[in-house]
Amino acid sequence: EIVNVAMGKPDGKQAKPGKSVTMKYVGKLQSGKIFDQTKGNATFRFRLGVGEVIKGWDVGVDGMRVGDKRRLVIPPAMAYGKKGIKGAIP
């Protein structure tokens, strides 16, 4: 599920597969517990659509523009699978 929370500039640079994307994020479980996040002025950078991140990010970030904010609800099959990550993501 992709929910647009805030829209940036309509003419802003758009995230496209193969291009580098820089963002801030908060990773939460359905319970609301935060399992990962960028902190302070830190950002996270990756190339979109080439498998550097979970599939849910490659799909959910595609098409965003500078300043956009989205909430991504990512199913296990597009994240860490049924096993999760021991001690962090069930």
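Buried means under 20% relative accessible area, exposed over 50%, and partly exposed in between (1.4 Å probe, protein chains only). The model is a predicted one, so local features need pLDDT of at least 70 and side-chain atom pairs count only at pLDDT 80 or more, while totals for chains, interfaces and linings use all residues. Residues are numbered from 1 along each chain as its sequence is written, and side-chain values use heavy atoms, with hydrogens and water left out.

Gly-51 sits in the loop between E5 and H1; helices (H or I, at least four residues) and strands (E, at least two) are DSSP runs, numbered from the N terminus. Between Gly-51 and Asp-36 there are 19 Å from C-alpha to C-alpha, with the two 15 residues apart in sequence. The loop between E4 and E5 holds Ala-42, which is partly exposed at 37% relative accessibility. Ala-42 and Gly-87 are 45 residues apart in sequence, and their C-alpha atoms are 24 Å apart in space. Thr-38 also belongs to the loop between E4 and E5, but at 14% relative accessibility Thr-38 counts as buried. Setting aside neighbours within four places in sequence, Thr-38 is in contact (heavy atoms within 4.5 Å) with Met-23, Lys-24, Tyr-25, Thr-43 and Phe-44.

Now to the rings. A pair of aromatic rings is described by the distance of the centres and the angle of the planes. Rings of Phe, Tyr and Trp (its six-membered ring) pair if their centres lie within 6.5 Å, and planes under 30 degrees apart count as stacked, over 60 as edge-to-face and the rest as tilted. The structure has five such aromatic pairs. One of them, Phe-44 with Trp-57, is edge-to-face, at 5.6 Å centre to centre and 75 degrees between the planes. This pair links distant parts of the chain, with Phe-44 in strand E5 (residues 44–47) and Trp-57 in helix H1, 13 residues apart. Phe-44 is partly exposed, with a relative accessible area of 28%, whereas Trp-57 is buried at 15%. Phe-46 and Trp-57 make a tilted pair, 5.8 Å centre to centre with 35 degrees between the planes. Here too distant parts of the chain are linked, from Phe-46 in strand E5 to Trp-57 in helix H1, eleven residues apart. Both Phe-46 and Trp-57 are buried. Ring pairs tie Tyr-25, Phe-44, Phe-46 and Trp-57 into a cluster.

Trp-57 turns up again in the core. A nonpolar core is a set of buried Ala, Val, Leu, Ile, Met, Phe, Trp, Tyr and Cys residues joined through side-chain atoms within 4.5 Å. The largest one has eleven residues, among them Ala-15, Val-21, Met-23, Tyr-25, Phe-46 and Trp-57. E2 and H1 each supply at least two residues of this core. Beyond neighbours within four places in sequence, the contacts of Trp-57 include Met-23, Leu-48, Asp-62, Leu-72 and Ile-74.

The largest pocket contains about 1600 Å³ of space. Of its 46 lining residues, Met-23, Tyr-25, Val-26, Trp-57 and Leu-72 are the closest to its centre. A pocket is an open set of points on a 1 Å grid over the protein atoms alone, where a 1.4 Å probe fits, with protein on both sides within 12 Å along at least five of seven lines; lining residues have an atom within 4 Å of a point. Grid points are joined across faces, edges and corners, and the volume is the space filled by probe spheres set on the points.
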